[in-house]
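Q: Please take me through how to read a few local features of this model.

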Amino acid sequence: MRGFLASSSGVPPLTLRSIGAACAAVLALAQAPPASASTSVSVSGGTVPGNTRSLPLAPLSRDGVSGAVPEQGLRRTGLGRFALLGVVWEDPGTELRGRVRVRTRSAVTGKWTGWQDVEAHADHGADAGTAERSARRVRGATAPLWVGASDGVDVRVRAKKAGGRSALPPGLRLELVDPGETAGEAPAGAPPRTALDTEAAIAASGANADIAAFGTTEIPELDRPSTEREMTMLQGPSRGKPYIGPRPKIVTRRGWGADESLREHGFVYTKKIKAAFVHHTASGNKYTCAQAPSVIRGIYRYHVKSMGWRDIGYNFLVDKCGKLYEGRAGGVAKAVLGAHTLGFNTDSMGVAVIGSYGTTQPPGAAVTAVARLAAWKLGLYGADPRAKTYLTSGGGNLYPKGKKVRLNVMSGHRDGYATECPGKRLYAKLGTARTGAARYQGR
């Protein structure tokens with residue numbers, strides 16, 4: 001039963017339905033074959049092997065040479081396939097002040113791409129003082145970049161010279177992530193389905209047992225009356241009119257093919273959801289909607305294996321076609337503690353639109369999906385998407401630890417942390433998302 005135990009005191013009460021699902025899960029676990037030591041995950045119609053390759057960067061210029069700006073990099077061909085990459089370093093508290101550029105060789109055509117910039121700062125993470133943040137394996141990192149099927153890479157990391165001094169963080173490494181592929185991810189195919197053959201996989205699915213069938217790959221959407229009845233089932237009768245949006249369709253972790261053996265066991269909860277922070281993944285826009293599960297698996301593996309987090313940082317993700325995906329494990333209707341907005345993870349949730357939206361306009365379908373998700377999830381906790389709320393900072397580069405900060409209930413990442421996230425164009429759409437979410441709630 002270890003996988004069903006929460007790691008904090010903010011655990012929602014069990015219902016008869018969830019207790020029954022837990023019992024069924026234990027029975028399934030007892031009948032399941034032992035988990036393999038391999039990193040492969042069984043799926044319908046194929047396997048999701050997945051792997052991460054970590055390569056140290058080498059100096060390309062000498063520190064201390066008069067006028068020289070430190071630069072590191074590498075160029076390698078003949079690599080196994082990868083589709084997502086990023087750069088990590090030893091100290092998560094150290095910023096990479098400089099420019100990161102890469103080009104990759106297509107595993108399909110053998111041709112090299114042009115040079116692309118990698119967002120140098122992954123400006124999110126677990127709050128200071130938490131077990132997740134203080135883990136020895138946590139590293140500093142750039143944002144991940146989706147490059148598609150590749151087998152060669154050329155990377156350059158150049159320090160930014162400021163005030164006559166420049167330096168790069170120690171221990172720079174290039175992370176090459178293969179998220180795996182499945183037959184179910186053909187352009188017209190369905191997302192992969194991982195087998196419920198491990199304790200962690202059973203626990204992740206069981207966390208949604210209050211609102212969905214055990215083992216489902218997709219939590220179906222509901223109309224408003226059904227959503228209100230579900231809310232009553234979860235929380236008891238409401239004293240007044242319930243302002244909650246219809247529950248949207250959400251692809252579960254099993255649906256996008258999460259390898260549950262990667263993350264830490266158990267779940268960590270916060271007390272409530274008072275705010276929603278909107279992000280972009282800064283991973284680029286060169287993906288198709290059919291590839292979105294692969295992109296999410298890549299980000300998940302990068303967050304856990306490369307950056308050292310306990311699970312993927314975001315609570316939810318949205319692709320460019322407006323499809324919603326469960327992020328961090330623990331139950332989509334529950335107050336799962338994420339690692340999305342450094343300093344403000346407590347009593348909040350994070351939703352990331354997959355892509356980069358500094359200069360690119362976010363698709364209307366994605367903005368609508370954010371509004372629908374916020375209307376439902378904030379509604380479960382009585383929050384008005386158009387309102388303001390107070391959160392206490394856990395410490396960051398905008399607000400000191402312990403400071404009570406007045407924020408929009410629907411905020412952008414940059415409202416709680418000095419960052420470009422969620423990108424200028426997506427940030428400009430938050431007003432539209434707030435208005436839409438309030439309308440879905442019936443306000």
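Q: Which residue just after helix 9 takes a positive phi?
A: Gly442, at about 85°. Helices (H or I, at least four residues) and strands (E, at least two) are DSSP runs numbered from the N terminus. The model is predicted, so local features need pLDDT of at least 70 and side-chain atom pairs pLDDT 80 or more, while totals for chains, interfaces and linings use all residues. Residues are numbered from 1 along each chain as its sequence is written, and side-chain values use heavy atoms, without hydrogens or water.

Q: Which residues of helix 9 are buried, and what covers them?
A: Buried means under 20% relative accessible area (1.4 Å probe, protein chains only). In helix 9 (residues 430-440) these are Leu430, Ala433, Arg434, Gly436, Ala437 and Ala438. Their cover includes strand 14 (275-280), helix 7 (364-380) and helix 8 (424-427).

Q: How is a pair of packed helices described?
A: By the angle and the distance between their axes. The axes of helix 4 (residues 224-235) and helix 7, fitted to C-alpha atoms over the stretch in contact, come within 11 Å and cross at roughly 30°. That makes the two helices roughly parallel (under 35 degrees between N-to-C directions). The contact (heavy atoms within 4.5 Å) involves Thr227, Glu230, Met231, Leu234 and Gln235 of helix 4 with Trp376, Gly379 and Leu380 of helix 7.

Q: Which members of the largest nonpolar core touch the most others?
A: Such a core joins buried Ala, Val, Leu, Ile, Met, Phe, Trp, Tyr and Cys through side-chain atoms within 4.5 Å. Among its 68 residues, Trp376 and Leu378 touch the most other members. Helix 7 gives the most to this core, 11 residues.

Notes
Buried < 20%, exposed > 50% of the residue type's maximum accessible area, 1.4 Å probe, protein only. Axes fitted to C-alpha atoms, helices over the stretch in contact; angles between N-to-C directions. Parallel < 35°, antiparallel > 145°, perpendicular 65-115°, else oblique.
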